[in-house]
Amino acid sequence: MHDTRMTSTPAESRGPLLVRTPMELRWRDLDAFNHVNNANFMTYLEEARIRFFESAGKEWITETVIPLLASVHMDYRLPIPYPAAIHVELYGDRVGNSSATLGHRIVDDAGRLYADGHCVLVWIDRDSGRPVPLPETIRRAMQGG
């Protein structure tokens with residue numbers, strides 16, 4: 001088990017905290033060991049990302065432009081027990097021409113770190129599959145504004 005004070009991205013190199021989203025644990029999220037199955041951590045991240053993008057404005061997805069998940073890195077620090085009150089924190093780690101890197105942490109109210117890491121999303125043209133410039137609403141939101 002990892003030291004829960006460690007992070008995959010040191011705090012000083014993280015971008016601004018963009019959102020802290022509470023997540024409801026469901027009984028079905030548990031595995032045979034009576035804690036949240038690791039695969040569900042990814043579902044919590046996905047839900048937090050979608051809520052964040054929707055809060056940024058309508059321009060994050062259009063008839064012609066969509067974001068694709070290019071990579072995800074997850075360090076599992078502690079198993080999440082049931083029940084628990086958890087939050088997904090998203091950070092604006094990097095803004096590129098057509099991509100955005102979101103740092104993430106899954107924590108509880110007591111400050112326990114269950115997982116952390118980052119993901120990279122690339123915005124593409126639906127028809128060509130080619131990268132397109134990052135929507136301005138996402139660029140602004142990623143910079144905490």
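Colleague: Does Phe52 count as buried or exposed, and at what relative accessibility?

Modeller: The model is a predicted one. Buried means under 20% relative accessible area. Phe52 therefore counts as buried, its relative accessibility being 5%.

Colleague: What kind of aromatic pair do Phe52 and Phe53 form?

Modeller: A search of the whole structure finds five aromatic pairs. For Phe52 and Phe53, the distance centre to centre is 5.6 Å and the angle between the planes is 50°. Planes under 30 degrees apart count as stacked and those over 60 as edge-to-face, with the rest as tilted. The pair of Phe52 and Phe53 is accordingly tilted.

Colleague: Why is the pair of Phe53 and Trp60 classed as stacked?

Modeller: Phe53 is buried, with a relative accessible area of 2%, and Trp60 is buried too. The ring centres of Phe53 and Trp60 lie 5.3 Å apart. Planes under 30 degrees apart count as stacked. The planes of Phe53 and Trp60 are at 25°, so this pair is stacked.

Colleague: Which residues do ring pairs link into a cluster?

Modeller: Phe52 and Phe53 form an aromatic pair, and the rings of Phe53 and Trp60 are stacked. Ring pairs link these residues and one further tryptophan into a cluster, namely Phe52, Phe53, Trp60 and Trp123.

Colleague: How far apart are the end C-alpha atoms of helix H1, and what span should its residues give?

Modeller: Helix H1 covers residues 38–56, which is 19 residues. At 1.5 Å a residue, these should span 27 Å. The end C-alpha atoms agree with that span, being 28 Å apart.

Colleague: Which residue caps the N-terminal end of H1, and which residue follows the helix?

Modeller: At the N-terminal end, a side-chain oxygen of the capping residue lies 2.8 Å from the backbone nitrogen of Ala39; the cap is Asn37. The residue that follows H1 has a positive phi, near 130°, and is Gly57.

How values were computed
Residues are numbered from 1 along each chain as its sequence is written. This is a predicted model: local features need pLDDT of at least 70, side-chain atom pairs count only at pLDDT 80 or more; totals for chains, interfaces and linings use all residues. Side-chain values use heavy atoms; hydrogens and water are left out. Rings of Phe, Tyr and Trp (its six-membered ring) pair if their centres lie within 6.5 Å; planes under 30 degrees apart count as stacked, over 60 as edge-to-face and the rest as tilted. Buried means under 20% relative accessible area, exposed over 50%, partly exposed in between (1.4 Å probe, protein chains only). Helices (H or I, at least four residues) and strands (E, at least two) are DSSP runs, numbered from the N terminus. The expected span of a helix is 1.5 Å times one less than its number of residues. A polar contact is a pair of N or O atoms within 3.5 Å; within protein, one must be able to donate a hydrogen and the other to accept it, and residues adjacent in sequence count only if both atoms are side-chain atoms.
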